[in-house]
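Please open the structure in a viewer and keep the selection tool at hand.

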Amino acid sequence: MTEFSNDLMVDENGFDLYYNRFENNLKSLGDMITFFKKLSKAESSYSKDIMSITKGVEDAKLWKKTGTEVGTFHDAWTSLHTELQKLAQKHEELAQNINNQAVAMEKFHKEKGNEKKNLVKTGNKLTKDFHESLDKVKKAKDAYYKDHKSADSNEASYSQKKSDGKTKQKDVDKAHKTATESRDKATGADANYQKLLEGHNQHQDQFYKSLMPSLLKDFQKNEEERTRFFKSTMQSFLQTFNTLGPAYTSAATNLGNSFDAINPQKDVSEFITLNKSSAVNVAPHVVYEPYGSEGGVNMGSSIKKGPTTSFGTTSVAGSTSVSNNNASAPASTPVAGSVTIVTPAKVGPSEGAPIAAKPKAALPTFGLTAADDGLTPVEKRKKLEGQLTQVKEMIKTEVKSKKGLDKLTVFYVGDAAAQATAQKEADEQQVRVNTLKAEKKKILAQLEEVSGEAPAGEAGGSEEGEEETEFVEVSAKALFDYNAANDTELAFKAGDILTITEQDASGWWYAELNGKQGFIPNNYIEVVKEQK
């Protein structure tokens, strides 16, 4: 294994190589911190944008410009929002992980910054001590050379004076003393020089064999720690990043199942089921109403201008007769003269038969299926709660239709065939009600399984309350007298105030007056007030 202390030794002036490397390492960490912060911000911003445009899925407000959609169309659109929210959450988790790594890098950067200061301080001291030791040797060497040269010069002067014979003994002795002293000084300088040189060489050995290798090991340790930290950071990032792949794969699978399940015919059937109460029979043709021979009454001018007959043919003053042959429009007001006015008549309890009922749309199946296995418990609960609201509304609608059919059964008391048909439809309607109640129980059971408890207001509750449909009673003022044709109709006088409890598109409404109830023609009255 290569090491700084063995393979990249430097002299006492070469530590700048490691100082600069350490400084560049810190700068690299700084670049990583900046990048990770920006990446975290971008991931979080993306997640928030996706969550923002899909937030309506929690409160079923996915449609901004239209009413709530139904069926597989709605389910697919909801699935798209739900899956995108899951992916957005994954991106938020990635953003948090990246931010945590940035925070950890900032801490690591600070620690390494302090380590750099200490290592540089140690390196500078080693360089300074080495230079000071070497400077002492150089100074000792210079002193030794200087003193040795001076000793040689003094000794030469002494020898010259000694051999001259002309120099006074006193001067010779003085020259001898000077030569001796200078030689002693040179000898001392030599000893000091050798001593300092030996000390420096020992210090130099310690520098290259111990002090510098130790410092280089610290630099290498820092280098390896930085690289390991980088590896750990990248692995943590990858671990979270890798969750995006399965999340996108799961989302693609769930969306594929949801989109494949889009069924136009099923959606049409569900829409019909939800809005069945608004359906009406095909309106009959408007018939010709001729001008009266006396009084100038135009029978087609306004349906409220005169009373209608109930059923069949009604005689009026003189030889005028009114023939009723239409099932939806009223007959004319009785007039004098001998004109025969052909007008439509409403089907009464004693004649005609109910129009054949349109085939009922198949009821949707509720509850969680295998396609919902990928949903979280919270998502499953939200879906079931939405279905619970829908099935409750459907039960109310179907119960209301059942009650209407029950009244028709009474209405056709004088016509056995019509009454049998109405009763059959009422029985079929009850089956639909029972089926929806069973679906509701299934939803409640799954809700309790997912949430651990029954929904608020459902535990121990009675289903009978759901069968109570809210309707609007109206008060109406009779415009004309009306004589009941049989026991199912209600007679009244012009000016009477009646309470209307049921309104049917056929024109026959159900009313109450003075404690009595029965069917009345709606073109004999005028609504004056609505009440609960």
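The tour begins with the whole chain and then turns to individual residues.

**The whole chain**

Before selecting anything, please note that this is a predicted model. Display the chain as a cartoon: it contains eight helices and eight strands. Of its 532 residues, 37% count as buried. Among the contacts in the chain with a separation of 6 or more, 70% are between residues 24 or more positions apart.

**Aromatic rings**

Next, display the aromatic side chains. How many aromatic pairs does a search of the whole structure find? The search finds 20 aromatic pairs. For one of them, select phenylalanine 35 and phenylalanine 36: the ring centres are 5.9 Å apart and the planes stand at 65°, so this pair is edge-to-face. Phenylalanine 36 is buried, its relative accessible area being 5%.

Now select phenylalanine 480 and tyrosine 524. Their ring centres are 6.0 Å apart and their planes lie at 85°, so this pair, too, is edge-to-face. The pair links distant parts of the chain, its two residues being 44 residues apart. Phenylalanine 480 belongs to the loop between strand S4 (473-478) and strand S5 (497-502), while tyrosine 524 belongs to the loop between strand S7 (516-521) and strand S8 (525-531). Are these two residues buried or exposed? Phenylalanine 480 counts as buried at 17% relative accessibility, and tyrosine 524 is buried with a relative accessible area of 5%.

To view an aromatic cluster, select Phe4, Phe15, Tyr18, Tyr19, Phe22, Phe130, Phe207, Tyr208 and Phe219 together; these residues form one such cluster.

Move to helix H8, which covers residues 416-451 and includes arginine 432. Show the side chains of arginine 432 and glutamate 398: a polar contact joins them at 3.3 Å. Arginine 432 has a relative accessible area of 9% and is therefore buried, the cut-off for that class being under 20%.

**Helix H4**

Helix H4 spans residues 169-241, and glutamate 198 has its place there. Glutamate 198 is partly exposed, at a relative accessible area of 48%. Which distance separates the C-alpha atoms of glutamate 198 and valine 137? The separation is 9.0 Å, although the two residues are 61 residues apart along the chain.

Phenylalanine 271 counts as partly exposed, with 49% relative accessibility.

For the last stop, select asparagine 514, which is located in the loop between strand S6 (508-513) and S7. Most residues other than glycine have a negative phi. Asparagine 514 is exposed, with a relative accessible area of 72%.

Definitions and conventions
Residues numbered from 1 in each chain as written. Predicted model: local features only at pLDDT ≥ 70, side-chain atom pairs only at ≥ 80, totals over all residues. Heavy atoms only, no water. Helix = DSSP H or I, 4+ residues; strand = E, 2+ residues; numbered from the N terminus. Buried < 20%, exposed > 50% of the residue type's maximum accessible area, 1.4 Å probe, protein only. Polar contact = N/O pair within 3.5 Å; in protein donor to acceptor, adjacent residues only side chain to side chain. Phe/Tyr/Trp six-rings, centres within 6.5 Å; stacked < 30°, edge-to-face > 60°. Contact = heavy atoms within 4.5 Å.
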